[in-house]
Amino acid sequence: MANGLVYLVMRIAMIVISFRTILESCEELKTEIKRARKFYTRRAKAQVVRAEEEVFLGRTYYWPVFCFESEGVEYEKKSKLFTDQITRFEPGFECEIRYNTDNPNEFMVAEDQEIYNQANRIAMKHVAVLAGGSALLILAILMKFGWSRG
């Protein structure tokens, strides 16, 4: 029984860490979009050269790596932008970006409203699953170890 409880606690910790990672990625992305809207003044055409992927709780998320040129220098960098739909930013996809003239490694897709909304949706979905899962876990623990009414 103790081993089962330890396993359960470890599994819950893993899930919370995965959810936290995605939630942090959503917040970083939204912060970067706000910053780009305000401070990234130069624009360029960029192309996705590949997508890096990570799996969180069985769901795959993709971070596109963009390549673009600024003043004769080519930049290739993984974006803070991420999606749960690989078709959104497949290799070869071209789009306009805006970037920081002082540091071209800081950039964001110019058409960013849909991306901002998607980050909100992903974050809210994870918060809802985490809250619902936590409630079910608490209920299961109460049922397993006795629920006394007093």
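This is a predicted model: local features need pLDDT of at least 70, side-chain atom pairs count only at pLDDT 80 or more; totals for chains, interfaces and linings use all residues.

Me: Ok, is Ile122 buried or exposed?

Reply: Ile122 counts as buried, because its relative accessibility is 2%, and the cut-off for buried is under 20%.

Me: So which residues does Ile122 touch?

Reply: Leaving aside residues up to four places away in sequence, Ile122 touches Ile22, Cys26, Tyr61, Phe82 and Asp84.

Me: How far apart are Ile122 and Ile22 in sequence and in space?

Reply: They are 100 residues apart in sequence, and their C-alpha atoms are 8.2 Å apart in space.

Me: Let's zoom out. How many helices and strands does the chain have?

Reply: There are two helices and five strands. Reading from the N terminus, the order of elements is α-β-β-β-β-β-α.

Me: And what share of the chain is buried?

Reply: Of the 150 residues in the chain, 33% are buried. As for contacts with a separation of 6 or more, 61% of them involve residues 24 or more positions apart.

Me: What about the surface?

Reply: The accessible surface of the chain is about 9,600 Å², and 55% of that belongs to carbon and sulfur atoms. There's also a nonpolar surface patch of about 320 Å², made by Leu136, Leu139 and Met143.

Me: Where is Leu139, then?

Reply: Leu139 sits in helix H2. With a relative accessible area of 34%, Leu139 is partly exposed.

Me: Now the strands. In what order do they form the sheet?

Reply: The five strands make an open sheet with the order E3-E2-E1-E4-E5, and the pairing is antiparallel. Strand E3 (73–78) and strand E5 (107–109) are at the edges with a single partner strand each, so one side of each has no neighbour in the sheet. On average, neighbouring strands of this sheet are turned by 40 degrees against each other, direction ignored.

Me: How many bridges are there between E1 and E4?

Reply: Six bridges, with strand E1 (residues 42–56) and strand E4 (residues 94–99) pairing in the antiparallel sense. To find a spot in the model, look for Ala46, which stands opposite Cys95 in E4.

Me: And where do the side chains in a strand point?

Reply: In a regular strand, side chains alternate between the two faces of the sheet.

Me: Nice. What about E2 and E3?

Reply: Strand E2 (residues 59–70) pairs with E3 in the antiparallel sense over six bridges. Glu69 stands opposite Glu74 in E3. E2 and E3 form a hairpin with two residues between them, and Glu71 in the turn has a positive phi of about 50 degrees.

Me: Switching to charges: how many salt bridges does a search of the whole structure find?

Reply: It finds ten salt bridges. One to look at is between the side chains of Glu27 and Lys30, at 3.1 Å from N to O.

Me: How are Glu27 and Lys30 placed in helix H1?

Reply: They are three residues apart in helix H1 (residues 2–39), which means about one helical turn separates them. Glu27 counts as partly exposed at 41% relative accessibility, while Lys30 counts as buried at 11%.

Me: Last one: which residues are joined into a network by salt bridges that share partners?

Reply: Arg50, Glu52, Glu76 and Lys78 are joined into one network that way.

Terms used:
Residues are numbered from 1 along each chain as its sequence is written. Side-chain values use heavy atoms; hydrogens and water are left out. Buried means under 20% relative accessible area, exposed over 50%, partly exposed in between (1.4 Å probe, protein chains only). Contact means heavy atoms within 4.5 Å. Two strands pair if DSSP finds at least two bridges between them. Helices (H or I, at least four residues) and strands (E, at least two) are DSSP runs, numbered from the N terminus. Axes are lines fitted to C-alpha atoms, for helices over the stretch in contact, and angles run from 0 to 180 degrees between N-to-C directions. Accessible areas come from the Shrake-Rupley method with a 1.4 Å probe; for residues, only the protein chains shown count as cover. Patches are made of residues with over 30% relative accessible area and no salt bridge: like charges are joined within 9 Å, nonpolar side chains (Val, Leu, Ile, Met, Phe, Trp, Tyr) within 5 Å. A salt bridge is a side-chain nitrogen of Lys or Arg within 4 Å of a carboxyl oxygen of Asp or Glu.
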